[in-house]
Amino acid sequence: MTDGRISPAAPNRHTAARPAWRCRVCAAPWPCQPAKLQLRREYADDRAALAIYLCLLMHDAIADELRLRAADVDPAAYFVRFIGWTRP
């Protein structure tokens, strides 16, 4: 029996490929739309935890970007991409 969640190890799970932060399945910037839907389902009962989790990932993504291209980081764009969509 399953609870409707997709296993983190599932081959069709839309996860980030680092350091580019592109989806391993669809190659869109992560979190892609399918990843957002999966995350919304997984954190449906705890939106604050979702925002905190994505804030940590945003920090990692910015750090990776700074290592690759220090002059190209736009913090506001990262906020919109990683956290802005979590609002109800």
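A residue counts as buried under 20% relative accessible area, as exposed over 50%, and as partly exposed in between (1.4 Å probe, protein chains only). By that scale C55 is partly exposed, with a relative accessible area of 37%. The model is predicted: local features need pLDDT of at least 70, side-chain atom pairs count only at pLDDT 80 or more, and totals for chains, interfaces and linings use all residues. Residues are numbered from 1 along each chain as its sequence is written, and side-chain values use heavy atoms, with hydrogens and water left out.

**Overall fold**

- The protein chain has three helices and two strands, where helices (H or I, at least four residues) and strands (E, at least two) are DSSP runs numbered from the N terminus.
- Along the sequence these elements follow the pattern β-β-α-α-α.
- Of the 88 residues in the protein chain, 30% are buried.
- Contact means heavy atoms within 4.5 Å; among contacts in the protein chain with a separation of 6 or more, 48% join residues 24 or more positions apart.
- The accessible surface of the protein chain is about 5,800 Å², and 59% of this belongs to carbon and sulfur atoms; the areas come from the Shrake-Rupley method with a 1.4 Å probe.

**Aromatic pairs**

- Rings of Phe, Tyr and Trp (its six-membered ring) pair if their centres lie within 6.5 Å; planes under 30 degrees apart count as stacked, over 60 as edge-to-face and the rest as tilted.
- By this rule there are five aromatic pairs.
- One of them is the tilted pair of W21 and W30, with 6.2 Å centre to centre and 50° between the planes; both residues are buried.
- W30 also forms a tilted pair with F82, at 6.1 Å centre to centre and 55° between the planes.
- W30 lies in the loop between β2 (22-23) and α1 (33-42), while F82 is in helix α3 (residues 75-82), so this pair ties together parts 52 residues apart in sequence.
- W21, W30, Y78 and F82 make up one aromatic cluster.

**Nonpolar core**

- A nonpolar core is a set of buried Ala, Val, Leu, Ile, Met, Phe, Trp, Tyr and Cys residues joined through side-chain atoms within 4.5 Å.
- The largest such core has 17 residues, and W21, W30, L54 and F82 have the most contacts inside it.
- Two or more residues come from each of α1, α2 (47-68) and α3, with the largest share, six residues, from α2.

**W21 and D64**

- Not counting residues up to four places away in sequence, W21 touches residues including P29, W30, L57, D64, R81 and F82.
- D64 is located in helix α2 and is buried, with a relative accessible area of 4%.
- Apart from neighbours within four places in sequence, D64 contacts R18, P19 and W21.

**Helix α1**

- A35, K36, Q38 and L39 are buried in α1.
- Seen down the axis of α1, the buried residues fall within an arc of 165°, so they line one face of the helix; the arc is that of the directions from the helix axis to the C-beta atoms.
- Q33 and R41, on the other side of α1, are exposed.
- The cover over the buried residues of α1 includes α2 and α3.

**Cysteines**

- The structure has zero disulfides, a disulfide being a pair of cysteine sulfur atoms within 2.5 Å.
- C26 is in no disulfide, and the nearest cysteine sulfur, that of C23, is 3.6 Å away.
- C26 is partly exposed, at 38% relative accessibility.
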